[in-house]
Amino acid sequence: MKLYTLSISGLIGLQLHSLNNEGGEGNVTQTRIVEIVDDNGELQAVNAISGDMFKHIQAKHLHNIALKENLPLCSACKHFNANRINASDELENLKKQKDEKEKFDSIIKACTIDDIEGILVTEGGMALGVKSKVEFGWVIGLPEKTKTNSYFHVKFDIERGKGSGSETGRNIGQNIFHRPASSGLYATVMNAELYRVGKNDYTLQYSIPPTLRIERIKALLNSIIYTYVHPDGAMTSFQLPHITGFSGIISTSTSYIPAPIFSPLNPNYRDEIQKIAQTLGESIRLYPFNSLGEFTEIMTELTNSVEPVEA
(Lines give C-alpha, C1' and ligand atoms only; values in the text may rest on other atoms or scores of the structure.)
Protein backbone atom coordinates (compact mmCIF):
# COMPACT_ATOMS: atom_id res chain seq x y z
CA MET A 1 0.00 0.00 0.00
CA LYS A 2 1.37 3.40 -0.99
CA LEU A 3 0.75 5.68 1.97
CA TYR A 4 1.31 9.42 1.84
CA THR A 5 0.40 10.21 5.46
CA LEU A 6 -0.60 8.39 8.62
CA SER A 7 -2.23 9.92 11.69
CA ILE A 8 -3.23 8.66 15.14
CA SER A 9 -5.91 10.08 17.42
CA GLY A 10 -6.37 8.16 20.64
CA LEU A 11 -6.88 7.90 24.37
CA ILE A 12 -4.17 6.19 26.38
CA GLY A 13 -4.52 5.13 30.01
CA LEU A 14 -1.39 5.90 32.05
CA GLN A 15 -1.27 5.13 35.76
CA LEU A 16 1.22 6.46 38.32
CA HIS A 17 3.59 7.95 35.77
CA SER A 18 6.02 10.85 35.96
CA LEU A 19 7.14 11.03 32.34
CA ASN A 20 7.50 14.80 32.03
CA ASN A 21 7.97 17.37 34.82
CA GLU A 22 8.56 21.12 35.02
CA GLY A 23 11.65 20.85 37.21
CA GLY A 24 12.40 20.90 40.92
CA GLU A 25 12.38 23.29 43.83
CA GLY A 26 14.38 22.09 46.79
CA ASN A 27 13.44 18.49 47.38
CA VAL A 28 10.09 18.77 45.56
CA THR A 29 9.66 17.73 41.90
CA GLN A 30 7.09 19.89 40.15
CA THR A 31 4.73 18.15 37.74
CA ARG A 32 3.89 19.62 34.34
CA ILE A 33 0.46 21.27 34.30
CA VAL A 34 -1.21 22.95 31.32
CA GLU A 35 -4.48 24.83 30.92
CA ILE A 36 -7.06 23.82 28.34
CA VAL A 37 -10.63 24.88 27.57
CA ASP A 38 -13.28 22.19 28.13
CA ASP A 39 -16.55 21.59 26.24
CA ASN A 40 -18.29 24.20 28.40
CA GLY A 41 -15.75 26.90 27.60
CA GLU A 42 -14.22 26.68 31.07
CA LEU A 43 -10.49 26.68 31.76
CA GLN A 44 -9.16 23.43 33.22
CA ALA A 45 -5.69 22.77 34.64
CA VAL A 46 -4.55 19.24 33.80
CA ASN A 47 -1.42 17.14 33.81
CA ALA A 48 0.24 16.78 30.41
CA ILE A 49 3.26 15.26 28.68
CA SER A 50 4.90 17.48 26.08
CA GLY A 51 5.10 16.51 22.43
CA ASP A 52 8.86 17.03 22.79
CA MET A 53 8.98 14.17 25.28
CA PHE A 54 7.02 11.79 23.07
CA LYS A 55 9.11 12.72 20.04
CA HIS A 56 12.26 12.09 22.07
CA ILE A 57 10.90 8.65 22.97
CA GLN A 58 10.12 7.97 19.30
CA ALA A 59 13.56 9.19 18.18
CA LYS A 60 15.23 6.93 20.74
CA HIS A 61 13.36 3.92 19.37
CA LEU A 62 14.26 5.00 15.81
CA HIS A 63 17.92 5.17 16.83
CA ASN A 64 17.79 1.61 18.16
CA ILE A 65 16.12 0.39 14.97
CA ALA A 66 18.65 2.19 12.76
CA LEU A 67 21.55 0.57 14.61
CA LYS A 68 19.92 -2.85 14.40
CA GLU A 69 19.07 -2.55 10.69
CA ASN A 70 22.37 -0.86 9.74
CA LEU A 71 20.60 2.22 8.42
CA PRO A 72 22.89 5.19 7.70
CA LEU A 73 23.56 7.52 10.66
CA CYS A 74 25.89 10.48 10.94
CA SER A 75 28.71 10.09 13.47
CA ALA A 76 26.83 12.14 16.10
CA CYS A 77 23.52 10.32 15.71
CA LYS A 78 25.27 6.98 16.13
CA HIS A 79 25.73 8.06 19.75
CA PHE A 80 22.26 9.70 19.94
CA ASN A 81 23.81 13.15 20.27
CA ALA A 82 20.99 15.72 20.52
CA ASN A 83 22.93 18.09 18.22
CA ARG A 84 22.79 15.49 15.45
CA ILE A 85 24.73 16.38 12.31
CA ASN A 86 25.77 19.73 13.86
CA ALA A 87 28.14 17.76 16.11
CA SER A 88 29.22 15.19 13.51
CA ASP A 89 32.33 14.56 11.45
CA GLU A 90 30.22 15.11 8.31
CA LEU A 91 29.68 18.80 9.12
CA GLU A 92 33.08 19.89 7.78
CA ASN A 93 32.39 18.32 4.38
CA LEU A 94 28.97 19.99 4.41
CA LYS A 95 30.59 23.42 4.86
CA LYS A 96 32.79 22.88 1.80
CA GLN A 97 29.85 22.22 -0.52
CA LYS A 98 28.67 25.26 -2.48
CA ASP A 99 25.38 24.08 -3.95
CA GLU A 100 22.29 24.13 -1.69
CA LYS A 101 20.83 21.07 -3.41
CA GLU A 102 24.03 19.15 -2.77
CA LYS A 103 24.02 20.10 0.92
CA PHE A 104 20.44 18.89 1.45
CA ASP A 105 21.21 15.70 -0.46
CA SER A 106 24.25 15.08 1.72
CA ILE A 107 22.29 15.43 4.97
CA ILE A 108 19.52 13.10 3.81
CA LYS A 109 21.91 10.48 2.45
CA ALA A 110 24.15 10.61 5.51
CA CYS A 111 21.62 10.15 8.28
CA THR A 112 18.26 8.45 8.83
CA ILE A 113 17.57 10.40 12.03
CA ASP A 114 18.37 13.82 10.51
CA ASP A 115 16.11 12.96 7.58
CA ILE A 116 13.13 11.74 9.62
CA GLU A 117 13.35 13.81 12.82
CA GLY A 118 14.46 17.03 11.14
CA ILE A 119 17.48 19.27 11.71
CA LEU A 120 18.53 22.92 11.43
CA VAL A 121 22.13 23.59 10.43
CA THR A 122 23.28 27.20 10.90
CA GLU A 123 27.05 26.94 11.43
CA GLY A 124 29.32 28.68 8.94
CA GLY A 125 26.57 30.93 7.62
CA MET A 126 24.43 28.00 6.50
CA ALA A 127 20.65 27.93 6.92
CA LEU A 128 19.69 24.36 6.13
CA GLY A 129 16.35 23.32 7.57
CA VAL A 130 15.20 19.74 7.09
CA LYS A 131 11.62 19.57 8.34
CA SER A 132 10.61 16.66 10.53
CA LYS A 133 8.51 13.92 8.94
CA VAL A 134 6.85 13.01 12.26
CA GLU A 135 4.85 15.32 14.54
CA PHE A 136 3.54 14.78 18.08
CA GLY A 137 1.07 16.93 19.94
CA TRP A 138 0.88 17.32 23.72
CA VAL A 139 -0.39 14.21 25.47
CA ILE A 140 -3.10 15.86 27.58
CA GLY A 141 -4.97 14.51 30.57
CA LEU A 142 -8.75 14.60 30.30
CA PRO A 143 -10.34 16.94 32.86
CA GLU A 144 -12.09 15.04 35.66
CA LYS A 145 -10.30 11.86 34.50
CA THR A 146 -6.72 12.71 35.44
CA LYS A 147 -5.24 13.18 38.90
CA THR A 148 -1.78 14.11 40.19
CA ASN A 149 -0.56 13.49 43.74
CA SER A 150 2.79 14.06 45.44
CA TYR A 151 4.37 11.16 47.28
CA PHE A 152 6.98 11.09 50.03
CA HIS A 153 10.24 9.24 49.38
CA VAL A 154 13.29 8.86 51.59
CA LYS A 155 16.71 7.32 51.20
CA PHE A 156 17.20 5.64 54.56
CA ASP A 157 20.69 5.84 56.04
CA ILE A 158 21.35 3.43 58.89
CA GLU A 159 24.44 5.45 59.80
CA ARG A 160 22.75 8.86 59.68
CA GLY A 161 24.03 9.69 63.16
CA LYS A 162 27.57 9.79 61.80
CA GLY A 163 26.89 12.74 59.51
CA SER A 164 25.11 13.34 56.23
CA GLY A 165 28.02 14.40 54.09
CA SER A 166 26.36 17.76 53.38
CA GLU A 167 29.59 19.55 54.15
CA THR A 168 31.28 17.97 51.13
CA GLY A 169 28.26 17.85 48.82
CA ARG A 170 28.43 14.07 48.67
CA ASN A 171 25.12 12.31 47.97
CA ILE A 172 25.07 10.32 51.20
CA GLY A 173 22.81 10.52 54.21
CA GLN A 174 19.06 10.43 54.71
CA ASN A 175 17.62 12.39 51.79
CA ILE A 176 13.93 13.25 51.62
CA PHE A 177 12.07 13.73 48.33
CA HIS A 178 8.55 14.67 47.26
CA ARG A 179 7.78 13.24 43.82
CA PRO A 180 4.61 13.48 41.72
CA ALA A 181 2.72 10.62 40.12
CA SER A 182 -0.16 11.15 37.71
CA SER A 183 -2.90 8.77 36.62
CA GLY A 184 -5.70 9.03 34.11
CA LEU A 185 -6.82 9.06 30.50
CA TYR A 186 -4.67 11.08 28.11
CA ALA A 187 -5.49 12.41 24.64
CA THR A 188 -2.76 11.89 22.06
CA VAL A 189 -2.44 13.00 18.44
CA MET A 190 0.40 12.46 15.98
CA ASN A 191 1.06 12.64 12.25
CA ALA A 192 3.68 11.08 9.96
CA GLU A 193 4.33 12.36 6.43
CA LEU A 194 5.63 9.15 4.95
CA TYR A 195 5.86 10.49 1.40
CA ARG A 196 8.47 13.05 2.53
CA VAL A 197 10.96 10.50 3.87
CA GLY A 198 14.14 10.85 1.82
CA LYS A 199 12.84 13.95 0.04
CA ASN A 200 14.99 17.02 -0.59
CA ASP A 201 12.96 20.02 0.64
CA TYR A 202 15.02 22.32 -1.62
CA THR A 203 14.49 20.56 -4.95
CA LEU A 204 11.37 18.55 -3.97
CA GLN A 205 13.10 15.48 -5.43
CA TYR A 206 14.12 12.31 -3.61
CA SER A 207 17.76 12.07 -2.57
CA ILE A 208 17.76 8.31 -2.02
CA PRO A 209 16.32 5.42 -4.09
CA PRO A 210 12.99 3.71 -3.27
CA THR A 211 14.72 0.69 -1.70
CA LEU A 212 16.36 2.91 0.93
CA ARG A 213 13.24 5.02 1.42
CA ILE A 214 11.12 1.99 2.25
CA GLU A 215 13.65 0.89 4.86
CA ARG A 216 13.39 4.29 6.56
CA ILE A 217 9.59 4.41 6.28
CA LYS A 218 9.28 1.01 7.96
CA ALA A 219 11.75 2.09 10.64
CA LEU A 220 9.66 5.21 11.28
CA LEU A 221 6.41 3.22 11.56
CA ASN A 222 7.99 0.69 13.90
CA SER A 223 9.37 3.48 16.08
CA ILE A 224 5.84 4.90 16.39
CA ILE A 225 4.56 1.49 17.51
CA TYR A 226 7.28 1.21 20.14
CA THR A 227 6.59 4.75 21.39
CA TYR A 228 3.14 3.73 22.61
CA VAL A 229 4.14 0.21 23.63
CA HIS A 230 7.01 1.51 25.75
CA PRO A 231 6.92 5.29 26.51
CA ASP A 232 10.40 5.53 28.00
CA GLY A 233 10.43 9.04 29.47
CA ALA A 234 11.66 10.57 32.72
CA MET A 235 11.75 8.76 36.07
CA THR A 236 10.88 5.37 34.58
CA SER A 237 13.55 3.64 36.68
CA PHE A 238 11.16 3.83 39.66
CA GLN A 239 7.86 5.03 38.16
CA LEU A 240 7.48 3.04 34.97
CA PRO A 241 3.96 3.87 33.71
CA HIS A 242 1.19 1.30 34.04
CA ILE A 243 -0.46 1.34 30.59
CA THR A 244 -4.04 0.26 31.17
CA GLY A 245 -5.60 0.93 27.79
CA PHE A 246 -5.28 2.50 24.37
CA SER A 247 -8.17 3.23 22.02
CA GLY A 248 -8.63 5.46 19.01
CA ILE A 249 -8.36 5.64 15.24
CA ILE A 250 -5.43 5.27 12.85
CA SER A 251 -6.13 7.17 9.64
CA THR A 252 -4.15 6.82 6.42
CA SER A 253 -4.16 8.55 3.05
CA THR A 254 -3.09 7.17 -0.31
CA SER A 255 -3.10 10.63 -1.95
CA TYR A 256 -2.07 14.22 -1.26
CA ILE A 257 -5.20 14.59 0.91
CA PRO A 258 -3.96 14.57 4.54
CA ALA A 259 -4.95 11.76 6.87
CA PRO A 260 -7.44 13.37 9.29
CA ILE A 261 -6.68 14.04 12.96
CA PHE A 262 -9.17 15.12 15.62
CA SER A 263 -8.42 15.50 19.30
CA PRO A 264 -9.83 12.93 21.76
CA LEU A 265 -10.33 15.86 24.14
CA ASN A 266 -13.63 15.99 22.29
CA PRO A 267 -15.71 12.96 23.37
CA ASN A 268 -17.14 12.69 19.82
CA TYR A 269 -13.75 12.58 18.13
CA ARG A 270 -14.35 9.20 16.47
CA ASP A 271 -17.57 10.39 14.83
CA GLU A 272 -15.84 13.55 13.65
CA ILE A 273 -12.97 11.65 12.06
CA GLN A 274 -15.40 9.29 10.33
CA LYS A 275 -17.38 12.22 8.90
CA ILE A 276 -14.20 13.89 7.68
CA ALA A 277 -13.04 10.66 6.02
CA GLN A 278 -16.39 10.18 4.27
CA THR A 279 -16.25 13.73 2.95
CA LEU A 280 -12.63 13.65 1.77
CA GLY A 281 -13.09 10.54 -0.34
CA GLU A 282 -11.79 7.04 -0.99
CA SER A 283 -8.11 7.83 -0.48
CA ILE A 284 -8.75 7.99 3.28
CA ARG A 285 -8.94 4.76 5.25
CA LEU A 286 -9.70 4.41 8.95
CA TYR A 287 -8.57 1.70 11.36
CA PRO A 288 -10.34 1.90 14.73
CA PHE A 289 -8.70 0.11 17.66
CA ASN A 290 -9.80 -0.55 21.22
CA SER A 291 -6.63 -1.87 22.85
CA LEU A 292 -2.88 -1.58 22.67
CA GLY A 293 -2.82 -5.07 21.20
CA GLU A 294 -5.17 -4.10 18.36
CA PHE A 295 -3.16 -0.93 17.73
CA THR A 296 0.07 -2.92 17.49
CA GLU A 297 -1.52 -5.49 15.18
CA ILE A 298 -2.92 -2.86 12.77
CA MET A 299 0.28 -0.81 12.71
CA THR A 300 2.39 -3.90 12.09
CA GLU A 301 0.19 -4.91 9.14
CA LEU A 302 0.46 -1.41 7.67
CA THR A 303 4.23 -1.43 8.18
CA ASN A 304 4.65 -4.78 6.45
CA SER A 305 2.54 -3.73 3.44
CA VAL A 306 3.69 -0.11 2.96
CA GLU A 307 5.36 0.93 -0.30
CA PRO A 308 7.15 4.18 -1.22
CA VAL A 309 5.23 6.77 -3.22
CA GLU A 310 6.40 9.31 -5.77
CA ALA A 311 5.26 12.80 -4.83
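Student: Leaving aside its neighbours within four places in sequence, which residues is I8 in contact with?

Tutor: Contact means heavy atoms within 4.5 Å, and by that rule I8 is in contact with T188, V189, M190, I224, Y228, F246, I249, I250, I261, F289 and F295. Before going on, note that this is a predicted model, in which local features need pLDDT of at least 70 and side-chain atom pairs count only at pLDDT 80 or more, while totals for chains, interfaces and linings use all residues. Residues are numbered from 1 along each chain as its sequence is written, and side-chain values use heavy atoms, with hydrogens and water left out.

Student: What makes a set of residues a nonpolar core, and which residues have the most contacts inside the largest one?

Tutor: A nonpolar core is a set of buried Ala, Val, Leu, Ile, Met, Phe, Trp, Tyr and Cys residues joined through side-chain atoms within 4.5 Å, where buried means under 20% relative accessible area, exposed means over 50%, and partly exposed lies in between, with a 1.4 Å probe and protein chains only. The largest such core has 56 residues, and those with the most contacts inside it are L6, I8, V121, M190, Y228 and I250. Its largest share, eight residues, comes from helix 5 (residues 210-229). A second, separate core of six residues includes L11, A187, I249 and I273.

Student: How do you know what span to expect of helix 1 (residues 51-69)?

Tutor: The expected span of a helix is 1.5 Å times one less than its number of residues, so the 19 residues of helix 1 should span 27 Å, and with its end C-alpha atoms 26 Å apart the two values agree. Helix 5, with 20 residues, reaches 29 Å from its first C-alpha to its last, close to the 28 Å expected. Helix 1 is followed by N70, whose phi is positive, near 60°.

Student: Why is G248 called buried?

Tutor: G248 has a relative accessible area of 0%, which is under the 20% limit, and therefore G248 counts as buried. This residue is in strand 11 (residues 242-253), and, not counting residues up to four places away in sequence, G248 touches S9, G10, Y269, R270, Y287, P288 and F289.

Student: What makes K95 and E92 a salt bridge?

Tutor: A salt bridge is a side-chain nitrogen of Lys or Arg within 4 Å of a carboxyl oxygen of Asp or Glu; the closest N and O atoms of K95 and E92 are 3.3 Å apart, so the pair qualifies. Both residues lie in helix 2 (residues 90-96), three residues apart, about one turn of the helix.

Student: Which residues are linked in a network of salt bridges?

Tutor: K131, E135, E193, R196 and D201 are linked in this way. E135, at 35% relative accessibility, is partly exposed, as is K131 at 41%, whereas R196 is buried at 7% and E193 is buried at 17%. A search of the whole structure finds ten salt bridges.

Student: Why does E117 have no salt bridge with K55?

Tutor: Lys and Arg count as positive and Asp and Glu as negative, while His and the chain ends are not counted, and K55 is the nearest side chain of opposite charge to E117, 4.1 Å away. The definition requires a nitrogen within 4 Å of a carboxyl oxygen, so at 4.1 Å this pair is not a salt bridge. E117 is buried and is found in helix 4 (residues 112-117).

Student: What makes strand 4 (residues 33-37) and strand 5 (residues 43-49) a pair?

Tutor: Two strands pair if DSSP finds at least two bridges between them, and five bridges join these antiparallel strands, so they meet the requirement. Strand 4 and strand 5 form a hairpin with five residues between them, and G41 in the turn has a positive phi of about 80°.

How values were computed:
Helices (H or I, at least four residues) and strands (E, at least two) are DSSP runs, numbered from the N terminus.
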